Amino acid sequence: MIGEINSLALAYIGDAVYELCVREYLISKGLCKVKELQQESIKYVSAKGQYQILSKMIDERFFNDEELNMIFRARNHKIEHRPKSCDIATYKYATGFEAIIGYLYLNKNYNRINEIMDYIRGE
C-alpha cells in the first residue's frame, strides 16, 4: 500500500515530479534561457519556496484530511541531516510538500497534482 511507503521515499519521488511540473510551467511561460529558468525555478523548488507555498495552502484549507495526514507524517519524520540553506522547520515543511506530491503521483492522482499546480500558478 502506497500510504505505508516511507515518507522520505515519497518526498524523493515527489521532488522529481514537482520539479518537472515547475520546469514545464516555466517553459510554457516562454522562458527559454537556462539561467532565467534556473533563477525562476528556485522560487518554486527551493525548501523556502515550498515552505511558503505549503503554509499558504494549509492556511487556506486546500488539503483534505488524508492529504494533511500524509504531509504531517512526512514533516514529522526524523531527518538525519539539515541543509545549510535553511532551518530545520522550513526543510521539514518542504519535505511534507514533496511527500504529498509523491503520494499523489504514486496513487496516479494526476488531477490532484494539476489542482496543486493550478493553485501555485494562481489559476
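Figure 1. The model is a predicted one, in which local features need pLDDT of at least 70 and side-chain atom pairs count only at pLDDT 80 or more, while totals for chains, interfaces and linings use all residues. Residues are numbered from 1 along each chain as its sequence is written, and side-chain values use heavy atoms, with hydrogens and water left out. Lys108 is placed in the loop that lies between α5 and α6, where helices (H or I, at least four residues) and strands (E, at least two) are DSSP runs numbered from the N terminus. Although Lys108 is not a glycine, its phi is positive, at about 60°. Most residues other than glycine have a negative phi.

**Figure 2. Arg61, in the loop between α3 and α4.**

**Figure 3. The packing of helix α5 against helix α6.** Helix α5 spans residues 88-106 and helix α6 residues 110-121; the two pack at an angle of about 145°, and their axes are 8 Å apart. Axes here are lines fitted to C-alpha atoms, for helices over the stretch in contact, with angles running from 0 to 180 degrees between N-to-C directions. This crossing of α5 and α6 is left-handed, a term for a near helix turned anticlockwise from the far one by less than a right angle, right-handed being the clockwise case. On the α5 side Phe97, Ile101, Leu104 and Tyr105 take part, and they meet Tyr110, Arg112, Ile113, Ile116 and Ile120 of α6. The residues of this contact comprise eight nonpolar, no polar and one charged. Contact means heavy atoms within 4.5 Å; Ala, Val, Leu, Ile, Met, Phe, Trp, Tyr, Cys and Pro count as nonpolar, Asp, Glu, Lys and Arg as charged, and the others, Gly among them, as polar.

**Figure 4. The crossing of helix α1 with helix α6.** The axes of α1 (residues 7-28) and α6 come within 11 Å of each other and cross at roughly 50°. That angle makes α1 oblique to α6, the class left over once angles under 35 degrees are taken as roughly parallel, over 145 as roughly antiparallel and 65 to 115 as roughly perpendicular. The crossing of α1 and α6 is right-handed. In this view Val17, Tyr18, Cys21, Val22 and Tyr25 of α1 meet Ile113, Met117, Ile120 and Arg121 of α6. Sorted by class, the contact of α1 with α6 has eight nonpolar residues, no polar ones and one charged.

**Figure 5. The contact of helix α1 with helix α5.** The axes of α1 and α5 are 6 Å apart, and the helices pack at an angle of about 80°. The two helices are therefore roughly perpendicular to each other. From α1 the contact draws on residues including Ser7, Leu10, Gly14, Asp15 and Tyr18, and from α5 on residues including Thr95, Phe97, Glu98, Gly102 and Leu106. The residues of the contact of α1 with α5 divide into twelve nonpolar, four polar and two charged.

**Figure 6. Phe97 and the aromatic pairs.** Phe97 is located in helix α5 and has a relative accessible area of 0%, so Phe97 is buried. Leaving aside neighbours within four places in sequence, Phe97 is in contact with Tyr18, Gln50, Ile53, Leu54, Met57, Ile116 and Ile120. The structure holds six aromatic pairs, defined by rings of Phe, Tyr and Trp (its six-membered ring) whose centres lie within 6.5 Å, with planes under 30 degrees apart counting as stacked, over 60 as edge-to-face and the rest as tilted. One of them joins Tyr18 and Phe97 edge-to-face, at 4.8 Å centre to centre and with 85° between the planes. Since Tyr18 lies in helix α1 and Phe97 in helix α5, this pair ties together parts that are 79 residues apart in sequence. Tyr18 and Phe97 are both buried. In another pair the ring centres of Phe62 and Tyr119 are 5.1 Å apart and the planes stand at 55°, so the pair is tilted. This second pair links distant parts of the chain, 57 residues apart, with Phe62 in the loop between α3 and α4 and Tyr119 in helix α6. Tyr119 counts as partly exposed, at 22% relative accessibility. Phe62, Phe63 and Tyr119 form one aromatic cluster.

**Figure 7. Thr90, a buried residue of helix α5.** Thr90 is found in helix α5, and with a relative accessible area of 8% Thr90 is buried. Neighbours within four places in sequence aside, Thr90 is in contact with Ala47, Lys48 and Tyr51.

Conventions. Buried means under 20% relative accessible area, exposed over 50%, partly exposed in between (1.4 Å probe, protein chains only).
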